Amino acid sequence: MSEIPDFQAIADEAVASIAAADDLNALEQARVRFVGRKAPLTEVLGSIGSLPSRDRGRVGKEGNAARKAIEAALDSRHAMLEGEAMGSALLADRADVTLPGDHFALGALHPITQVRLEVEEIFLGMGFSVADGPEIETGFNNFTALNTPDGHPARSESDTFFIAGGEHDEVLLRTQTSPVQIRTMQTTEPPVYVIAPGTVYRRDDVDATHSPMFHQVEGLAVDEGLSFANLKGTITYFLQQLLGDRDVRVIPHFFPFTEPSVDVSVAWTDRHGRTDWLEVAGAGMVDPNVFANVGYDPERWTGFAFGFGLDRIAMIRHQISDIRLLYEGDLRFLEQFS
Ligand code: DAH
């Protein structure tokens, strides 16, 4: 060889091509071109023996340095391109979760259930516990033990869904949650502080304020020395918690199982701005006959009881003027409470 190649220029060119190789194929071509078996650099290094002896040392040193630099550039570019290839493979494989997903409508609690849970919360806060009873009851629990003897008008066919039985052993859909008072007292020693929310049934024709199936929450407190003031204070506090400050009216009424008995109403302004009293509960002091029926000593124990209409409360709460809306299952109505 007459002239010693410019190893620096070879190395520079190779490093530039390697840097420009933008995939593993292009890089392989650059490797073959600069350090492959037939690359000029390889040939020079392979024929050092034929060089004049004075050039051999320099060619060997500079040639190998160039080769090393090229191989280092190849290695690092290779690692980089491989990483990129892996990255784009992962990218191509990825699940795209950025698109809007399928929309599943979430359910929500029915407005009556929402009100029931709030009522339970308030009474739990006052130290009451929550009791439960069956919707299919005996005539004894639903009427007789509640001081409503056979032949009483409230027991008549026109009000009650009878299921089976005759005059003294009727089975019926409970017309009120009051039988849970009897069940509780039959199984618990006083003092008693319970509420019992639930569904009740009456043979009423459906209209804006009547439904043959509706909801009540019963309350019963039995202790020594309870007075009408305790009843009034409990009801007033409860209504204030649930409905905010509004006038509460308590007027005399009659129920067979309480004496005295009252009707409880709250002031209600409808969506047209008309204010009226709306009856929300019956209540009273537990009749001594009821205590006698469950084996409590009427001389020792006194008590008060109440029964709220849950549907009424939900209607007041949400300015609903027709009870049928609560039972039709129309999503346009129900979605307003989710
Ligand atoms: N059970 C009665 C009804 O359905 C409501 C009621 C009145 C419940 C007075 C009571 C009470 O506990 O003391 O009309």
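**Ground rules.** I number residues from 1 along each chain as its sequence is written, and I use heavy atoms for side-chain values, leaving out hydrogens and water. Since the model is predicted, local features need pLDDT of at least 70 and side-chain atom pairs count only at pLDDT 80 or more, while totals for chains, interfaces and linings use all residues.

**Entry 1, the pocket.** I found 40 residues in the lining, that is, residues with an atom within 4 Å of a point. Arg202, Phe214, Gln216, Phe255 and Glu279 lie nearest the centre. β9 gives the largest share of the lining, six residues; strands here are DSSP E runs of at least two residues, and helices H or I runs of at least four. The elements that supply at least two residues each include β6 (213-223) and α10 (310-318). By class I noted 15 nonpolar, 17 polar (Gly is put here) and eight charged residues (Asp, Glu, Lys and Arg).

Next I asked how many residues of β5 (residues 192-201) are buried. Nine of the ten are, so the strand is largely enclosed by the rest of the structure; buried means under 20% relative accessible area, exposed over 50% and partly exposed in between, with a 1.4 Å probe and protein chains only. β5 pairs with β6 in the antiparallel sense over ten bridges, pairing needing at least two DSSP bridges. Val194 stands opposite Leu220 in β6. β1 (residues 129-130) runs parallel to β5, joined by two bridges, and Val130 has Ile195 as its partner.

I looked up 13 salt bridges, each a side-chain nitrogen of Lys or Arg within 4 Å of a carboxyl oxygen of Asp or Glu. Arg54 and Asp55 come to 3.6 Å; Arg54 is exposed at 69%, whereas Asp55 is buried at 12%. In helix α4 (residues 53-93), Glu62 and Arg58 sit four residues apart, about one turn, and meet at 3.3 Å, N to O. Glu170 and Arg155 meet at 2.7 Å. That pair links distant parts of the chain, 15 residues apart.

Terms used: 1 Å grid on protein atoms, 1.4 Å probe; cavity = no way out; pocket = protein on both sides within 12 Å on 5 of 7 lines; lining within 4 Å.
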